[in-house]
Amino acid sequence: MLFALSSFPIPQSPNRNQIHNVKPQSSETLKIDLLRNFNSPFELRQVHAQIIKTNAPLSILPLTRVGLVCAFTPSFHYAQQIFKCVEKQKPETFVWNSCLKALAEGDSPIDAIMLFYRLRQYDVCPDTFTCSSVLRACLNLLDLSNGRILHGVVEKVGFRSNLYLQNMIVHLYASCGEMGEARLLFEKMPQRDVVTWNIMIAQLIKQGDHEGAYDLFSRMPERNVRSWTSMIAGYVQCGKAKEAIHLFAKMEEAGVKCNEVTVVAVLAACADLGALDLGMRIHEYSNRHGFKRNVRISNTLIDMYVKCGCLEEACKVFEEMEERTVVSWSAMIGGLAMHGRAEEALRLFSDMSQVGIEPNGVTFIGLLHACSHMGLISEGRRFFASMTRDYGIIPQIEHYGCMVDLLSRAGLLHEAHEFILNMPMKPNGVVWGALLGACRVHKNVEMAEEAIKHLLELDPLNDGYYVVLSNIYAEAGRWEDTARVRKFMKDRQVKKTPGWSSITVDGVVHEFVAGEESHPDTEQIFQRWEELLEEMRLKGYVPNTSVVLLDIEEGEKVKFVSRHSEKLALVFGLMNTPAETPIRIMKNLRICEDCHSAFKLISAIVNREIVVRDRNRFHCFNDNSCSCRDYW
């Protein structure tokens with residue numbers, strides 16, 4: 001036998017109730033249990049005999065089960081004879097189609113394909129439902145070879161005009177990576193519906209061809225929610241969150257209502273962009289339309305609020321969840337760690353263990369980050385050891401990177417270096433980069449040069465590593481080495497990534513780059529900054545010009561550091577948002593030491609919470625303090 005017969009239920013039949021009307025005549029009277037549970041042709045013959053003895057109608061037999069029991073045995077013809085006896089009620093092809101559907105949707109779709117060939121051997125004429133089930137089996141198995149044969153059958157028996165089958169064939173070719181053939185079939189189809197277009201768009205996105213997908217999307221005669229959602233989700237997956245949000249706006253203009261999948265995709269885009277206003281609006285929409293119980297939406301909401309700097313809202317979503325998965329707990333633990341609330345993250349992990357949720361690798365990344373940012377060295381070591389010992393989780397390179405970061409931040413540079421050398425896999429740029437960053441803080445030039453040697457091999461075009469090394473040399477007063485690094489970057493055509501920061505005001509994202517002078521409010525921004533600067537100086541602020549690596553006059557350095565993108569975004573936010581409301585800024589690079597010190601002072605001066613999400617973490621400034629234990 002190639003399948004588990006007991007897994008197939010008896011299909012409903014109009015005559016099934018007759019079973020209950022048959023009164024027992026003797027111990028040999030037909031037993032209902034046997035009728036329902038025969039598992040071999042031999043048992044089927046016993047049931048058949050009892051039907052004849054009790055004068056019951058043959059139609060009370062569950063015909064799909066008859067077919068499944070006899071399909072791959074010498075009794076195939078016997079099953080055909082039974083079907084012909086009840087052919088007026090259910091034609092033979094109808095019954096075999098039921099068998100094919102059950103097999104195609106079961107645990108062993110290959111059986112549906114084998115049964116199809118058996119049917120052809122016994123001259124059972126296929127219809128569109130036959131082809132549909134076998135194509136479904138080919139699709140589930142990504143079996144292009146048999147799929148091509150079915151495609152030929154469809155053409156040969158004259159089903160070319162069946163749009164459902166044509167869609168399945170296009171889907172099969174595309175899913176098997178034959179996009180050229182799928183596109184050829186698509187273009188030659190005499191008619192297409194929205195499903196046809198959606199199949200091609202979804203598969204192009206899966207193949208990474210987002211431009212091709214959007215080209216088809218723009219040509220669609222009509223679009224449904226799935227069309228819009230596929231494109232929005234595709235943009236999010238390839239890191240084009242802005243395009244995803246823009247497309248969502250068009251979807252709203254077209255009057256198309258979101259479904260739960262759309263909500264997840266748009267929330268993910270909001271998380272990437274820090275688009276809090278839109279994220280909150282989607283949250284309200286989700287609640288109004290009864291999506292609150294969708295665990296995936298709740299998990300994405302937690303991630304969105306965490307990445308937008310609204311940790312309390314994330315906590316609220318988490319607390320209101322009726323069902324929590326390991327993803328929910330891990331997202332919350334990681335969010336607390338990102339915001340510098342390590343003790344709460346560790347406490348939440350304890351709660352997670354008490355309710356019996358097993359952690360996964362992502363959970364431990366959050367825990368190790370928490371320990372790293374708060375300097376909890378012994379706890380970090382314990383969690384790293386616990387992964388394999390207590391939960392059987394093999395540490396991945398991300399976990400090793402967290403441990404290097406933990407040791408490096410604590411100043412244990414030599415131990416961190418030894419840890420890297422003893423890793424069971426080759427260290428990547430993130431691992432060596434963590435050591436390099438610590439070398440700057442702890443002013444260890446020799447170890448920095450060791451780290452950069454590996455980084456130049458792994459990622460020679462990453463400007464960040466050169467900038468950090470240049471900083472280390474500059475702070476050590478080794479200006480010739482600083483100039484050498486700059487020349488090295490120029491010779492290799494490595495361009496420094498310009499710093500930019502963004503802030504959302506009234507639903508509009510405003511971006512600023514370092515030294516911004518093209519913004520229409522530039523003059524007012526500079527004027528407001530000078531006013532703030534006077535108040536900051538009265539409180540002891542002195543610009544930290546060590547972050548400027550150019551060999552220029554001190555006055556020029558002060559001007560240079562005053563034009564950092566996060567300062568411009570902050571001032572713009574202060575000028576254009578109501579008093580006492582939080583300011584939320586996104587930055588593509590790390591916030592510099594001078595901006596970090598300035599923001600602490602400004603938060604007290606203007607009595608505002610200032611949240612900055614930089615490349616590494618969140619900094620929540622409030623009343624002259626920051627949520628992180630240290631700057632970096």
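**Note on aromatic contacts**

1. Phe384 is buried, because its relative accessibility is 15% and the cut-off for buried is under 20%. This is a predicted model, and the values here are computed from it.

2. The structure holds 19 aromatic pairs. One of them joins Phe384 and Phe419. Their ring centres lie 5.8 Å apart. The planes meet at 65°, so this pair is edge-to-face; the threshold for that label is over 60 degrees.

3. The Phe384 and Phe419 pair links distant parts of the chain. Phe384 belongs to helix α23, residues 377-391. Phe419 belongs to helix α25, residues 413-421.

4. Is Tyr400 buried or exposed? Its relative accessibility is 12%, so Tyr400 counts as buried.

5. Elsewhere, four residues make up one aromatic cluster: Phe76, Phe83, Trp96 and Tyr122.

6. Two arginines deserve a line each. Arg65 places its charged end over the ring of Phe38, at 5.9 Å from the ring centre. For Arg324, the charged end sits over the ring of Phe318, 4.2 Å from the centre.

Notes: Residues are numbered from 1 along each chain as its sequence is written. This is a predicted model: local features need pLDDT of at least 70, side-chain atom pairs count only at pLDDT 80 or more; totals for chains, interfaces and linings use all residues. Side-chain values use heavy atoms; hydrogens and water are left out. Rings of Phe, Tyr and Trp (its six-membered ring) pair if their centres lie within 6.5 Å; planes under 30 degrees apart count as stacked, over 60 as edge-to-face and the rest as tilted. Helices (H or I, at least four residues) and strands (E, at least two) are DSSP runs, numbered from the N terminus. Buried means under 20% relative accessible area, exposed over 50%, partly exposed in between (1.4 Å probe, protein chains only). A charge sits over a ring if NZ of Lys or CZ of Arg is within 6 Å of the ring centre and within 35 degrees of the ring normal.
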